[in-house]
Amino acid sequence: MASEQRVRELLDRIPTGIFVGGQFRESSSGATFPVHNPATGEVLVEVADATAEDSVAALDAAVAAGPAWAATAPRERAELLRAIYQGVIDAADDFALLMTLEMGKALPESVNEVRYGAEFFRWFSEEAVRIAGRWTEAPAGTGRIMVSKRPVGPSLAITPWNFPLAMGTRKLGPALAAGTTMLVKPAGLTPLTMLLLAEVMRDAGVPDGVFAVLPTSKSSELTAPLFSDPRLRKLTFTGSTEIGRKLIEQSAPGVLRMSMELGGNAPFVVFDDADVSHAVEQAVLAKLRNGGQACTAANRFYVHESVAAEFTEGLIARFAEFRMGPGAEDGVTIGPLVSAEQQSIVSELVQDAVAKGASLRLGGVAPEGAGHFFPPTVLADVPSDARILHEEVFGPVAPIVTFTDEDEAVAAANDTEYGLVSYVFTTDLDRALRLTDALRTGMVGVNRGVISDPAGPFGGVKASGFGREGGIEGIEEYLETRYIALQ
């Protein structure tokens, strides 16, 4: 467990100002807002509350720095990204503890996120030198066709609270590799991790103005002048579909390039030929990673009726092993939810399912006392009209539904407006391949419950958004294609 002295020393030296033009400073209004520990409800620190004026200043700096950054040699950008990667790894203990304090996740999960988040800088350091165009003769023989890629221009990243480091690095990594400048607005619940990253990036040598960090308690006021400024050319957002739709509307007048990684309602489908014990272990990862607070979390468990009892009992046994408590305590494997509001939403969805006939097999009741905790929960025999099957539940709740045949399972899995990720468990290769075609999601995990990888293109379809992050595709989101016709 981190000692009180260790926590205090870390919080005392974390930057708490906005980061604009290569410097930490107060907001233009001088105002601050509190960051709370979701395990206790206590205030960790006060952070500068960025204003609309600050956002314009950050865009001014990004525009000024843009030409030189775009002209920086790809190898130089690559080496700088590699230095940032190393800086994050060197400060891994600080990043992990800080994430646990402001977001709540168990410390081992924070350690894993540091490794995962840092990897985006290493991956895109390698992609920075592989930005390619082409040169070819026109089919009619009338000239030459040259195609080049150029940075899209100043970009705005709006990141969520559930992965305070990785959701920023998988945007910053490709943007900087492409030669694009970036403004980051971190979630108001968890701004500290991104401010620490700003310090690491500055110390690594990123030029002034190339990126900014703008924590704020008034997001719409901060972004309004940016959306009306023609100098902003790109918006990338990770968050709820509801907010994503509003941002798409607000960015329409400027015809911004957009990447939207929105909500999910992932089905986890277990067939009768699956290795049930393996499916249970992967279900634990897919559901309880980050306390269930992930867009990739398995939200609906469709299990063939012949193995449903074995799967359910196995899941109950594994869920019961988790120890709930403040994430920084030794032995804790599941921390609190991020806020009282999130705790209330999860509790409400469980109560609705039980009221409609679901069987509560484990958990289901938030404990009394400080913190926003909710125990690992298993619901069986969940009826089709239960809200929990249709709404994204950001919490450690596994609702189980049985099915009898493949067509029924596919229809149920696709019965959602979302399309981020699906999970399929079967030992039949032909069936697995059929399912990867039949399921309407941007990603499919076959016999695995964790699919995120910096080398893979992350993203969804339908109401889960558009654009891809990671993989060789990720850098394209920050590049424009230019066609030059030569005589």
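Biologist: How much space lies in the second largest cavity?

Modeller: A cavity is a set of points, on a 1 Å grid over the protein atoms alone, where a 1.4 Å probe fits but cannot get out. Points are joined across faces, edges and corners, and the volume is the space filled by probe spheres set on them. Here the second largest cavity holds about 60 Å³. Please keep in mind that this is a predicted model, where local features need pLDDT of at least 70, side-chain atom pairs count only at pLDDT 80 or more, and totals for chains, interfaces and linings use all residues. Residues are numbered from 1 along each chain as its sequence is written, and side-chain values use heavy atoms, leaving out hydrogens and water.

Biologist: Which residues line the second largest cavity?

Modeller: Lining residues have an atom within 4 Å of a point. Among them here are Leu285, Arg289, Ala294, Tyr423 and Ser452. The lining divides into 7 nonpolar, 3 polar and 1 charged. Ala, Val, Leu, Ile, Met, Phe, Trp, Tyr, Cys and Pro count as nonpolar, Asp, Glu, Lys and Arg as charged, and the others, Gly among them, as polar.

Biologist: What lines the largest cavity?

Modeller: Its lining includes Tyr116, Asn162, Arg289, Thr296 and Phe458. About 80 Å³ of space lies inside the largest cavity, and its lining has 6 nonpolar, 3 polar and 2 charged residues. In total, the structure holds 4 cavities of 30 Å³ or more.

Biologist: Now a helix, please: which residues of H3 are buried?

Modeller: Helices (H or I, at least four residues) and strands (E, at least two) are DSSP runs, numbered from the N terminus. Buried means under 20% relative accessible area, with a 1.4 Å probe and protein chains only. In H3, the buried residues are Arg77, Ala78, Leu80, Leu81, Ile84, Tyr85, Gly87 and Val88. An α-helix has 3.6 residues a turn, so residues three or four places apart point the same way. The buried residues of H3 pack against helices H2, H4, H5, H6 and H7.

Biologist: Why does Asn299 count as buried?

Modeller: Asn299 counts as buried because its relative accessibility is 1%. You will find Asn299 in strand E13, residues 298–304.

Biologist: What is Asn299 in contact with, leaving aside its neighbours within four places in sequence?

Modeller: Contact means heavy atoms within 4.5 Å. The contacts of Asn299 include Gly264, Lys287, Ile388 and Pro399. With the side chain of Lys287, the Asn299 side chain makes a polar contact at 3.3 Å. Such a contact is a pair of N or O atoms within 3.5 Å; within protein, one must be able to donate a hydrogen and the other to accept it, and residues adjacent in sequence count only if both atoms are side-chain atoms.

Notes: Buried < 20%, exposed > 50% of the residue type's maximum accessible area, 1.4 Å probe, protein only. 1 Å grid on protein atoms, 1.4 Å probe; cavity = no way out; pocket = protein on both sides within 12 Å on 5 of 7 lines; lining within 4 Å.
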